[in-house]
Amino acid sequence: MEHFDVVIVGSGHGGAQAAIALRQAGHEDSILIASRDRNPPYERPPLSKDYLAGEKPFEKILIRPEKFWAERNVTLRLGANANEVDPLAHTLALSDDTKVTYRKLIWAAGGDARRLSCPGADFGGMHTIRNRRDTDALKSEIEAGAKRAVIVGAGYIGLEAAAVLRKMDCAVTVVEMQDRVLARVAGPELSTFYAEEHRSHGVDLRLETGVERIEGENGRVTGVTLSTGETIPCEIVIVGIGIVPSVGPLIAAGAAGSNGVDVDSFCRTSLDDVYAIGDCAAHANPYAGNAVIRLESVQNANDMASVAAKSIMGDKQDYDAVPWFWSNQYDLRLQTVGLSLGHDACVLRGDPAERKFSVIYMKEGCVIALDCVNNTRDYAQGRKLVETRAEIDPALLADTTVALKEMI
């Protein structure tokens, strides 16, 4: 068996950043990145945005040029899924029928797109957007003439895909079981704004509606029958209803966890010498009142990677990073800082009709998060308010003539 000082499972943002952070911290021993993806590490957010739209070639979304990894003596083993972990022997079995030993293991495997379980869910023309192969398959069908799409789920992925497909002149219906779009991540004010925006671009939004079954002929999608009984004709279906954390081998090896794998403030799992980072890592987050949550974001993946790398190098620092996210839809740039979970009040700052405004979320009188639409200044200045849990009069927060930085 080959031995590597550090083995990293997963080549997304977390896995790539973990290798980069180790080298930057002076780690000189061997590093292996093992990944089921067959491509060198690349960015995931563009998959539902400019890469899907054909506005960015694949080479432009690489996290680093391909030669970077060899120059840093980081071994890439692509197309090799991690099948089994033996924490006592410190071995990892891969899907290419090889085993490697490690001193430290960083699990950055992310998750698999959640699938529909209704009849017809395995027809051709069913798509998710989780990796390059997913997006390439979707683009190929559109280029081949598919012009009608049903998108299941009105979260970030679903709405971003809807915006791109409308630009590609596809007819789009979005189906969402909740009573508003972005219901899991934003307040009603933002949901209303984005629902109106998508409808103004010709998207058919079906809220409080489920999927009964997928219709098809000759093994391919022909339509989606809704819980209302109506059938929406289409050639493609995009499912954006969240992910299932890819932690099976860790849980089988005895790691603690239910929704993902549990980690401490240094990103360590309950298994000796095994860390977990990114989408699959359940952690007590100080910006969620120390509730144990998973964060699916580039920020979280990168910051956890740095924490794990520092811990391995003997520089233990607690994970304490302000969460941030972004979403591009049409000409709108949404930037979020903080977590609005459990908020008990909202302040609208600016006029949505001007397509530049912010929603400030408060809990027990303190600022806990901001959603900023085309308003980078509020996003940048509001970060300090979130970090300090600033107590500010809502009337002052709503006054756009006063900069947020003047309220600290």
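**Reading the model**

Modeller: Asparagine 131 is buried, with a relative accessible area of 19%. Buried means under 20% relative accessible area, exposed over 50%, and partly exposed in between (1.4 Å probe, protein chains only). This is a predicted model, in which local features need pLDDT of at least 70, side-chain atom pairs count only at pLDDT 80 or more, and totals for chains, interfaces and linings use all residues. Residues are numbered from 1 along each chain as its sequence is written, and side-chain values use heavy atoms, with hydrogens and water left out.

Biologist: Where is asparagine 131 found, and what does asparagine 131 touch?

Modeller: Asparagine 131 lies in the loop between S8 and helix H3 (132–143). Helices (H or I, at least four residues) and strands (E, at least two) are DSSP runs, numbered from the N terminus. Leaving aside residues up to four places away in sequence, asparagine 131 touches Asp37, Tyr42 and Leu47; contact means heavy atoms within 4.5 Å.

Biologist: Which backbone nitrogen does the side chain of asparagine 131 reach at 2.8 Å?

Modeller: That of aspartate 134. The side chain also reaches the backbone nitrogen of arginine 133, at 3.1 Å. A polar contact is a pair of N or O atoms within 3.5 Å; within protein, one must be able to donate a hydrogen and the other to accept it, and residues adjacent in sequence count only if both atoms are side-chain atoms.

Biologist: How should I read a sheet, and what is the strand order in the open sheet of 5 strands?

Modeller: Strands of a sheet pair through backbone hydrogen bonds, either parallel or antiparallel. Here the order is S8-S15-S9-S10-S11, with parallel pairing. Strand S8 (126–127) and strand S11 (204–206) each have a single partner strand, so one side of each has no neighbour in the sheet. Two strands pair if DSSP finds at least two bridges between them.

Biologist: How many bridges join strand S9 and strand S10?

Modeller: Strand S9 (residues 148–152) and strand S10 (residues 171–175) pair over 5 bridges, in the parallel sense. Isoleucine 151 stands opposite valine 174 in S10.

Biologist: What about charged side chains?

Modeller: Side chains of opposite charge can pair when their charged atoms come close. A salt bridge is a side-chain nitrogen of Lys or Arg within 4 Å of a carboxyl oxygen of Asp or Glu. The whole structure has 24 salt bridges. One of them joins aspartate 264 and arginine 268, with the closest N and O atoms 2.7 Å apart. Aspartate 264 is partly exposed at 28% relative accessible area, and arginine 268 is partly exposed at 30%.

Biologist: Arginine 294 forms a salt bridge with glutamate 296. Is arginine 294 buried or exposed?

Modeller: Arginine 294 is buried, at 17%, whereas glutamate 296 is partly exposed, at 39%. Their closest N and O atoms are 3.1 Å apart. Elsewhere, Glu197, Asp331 and Arg355 are linked in a network of salt bridges.

Biologist: How many helices and strands does the protein have?

Modeller: There are 9 helices and 25 strands. The radius of gyration is 22 Å, close to the 22 Å that the globule rule gives for 408 residues, so the protein is as compact as a globular protein of that length. The radius is taken over C-alpha atoms, and the rule is 2.2 Å times the number of residues to the power 0.38. Buried residues make up 55% of the 408 residues.
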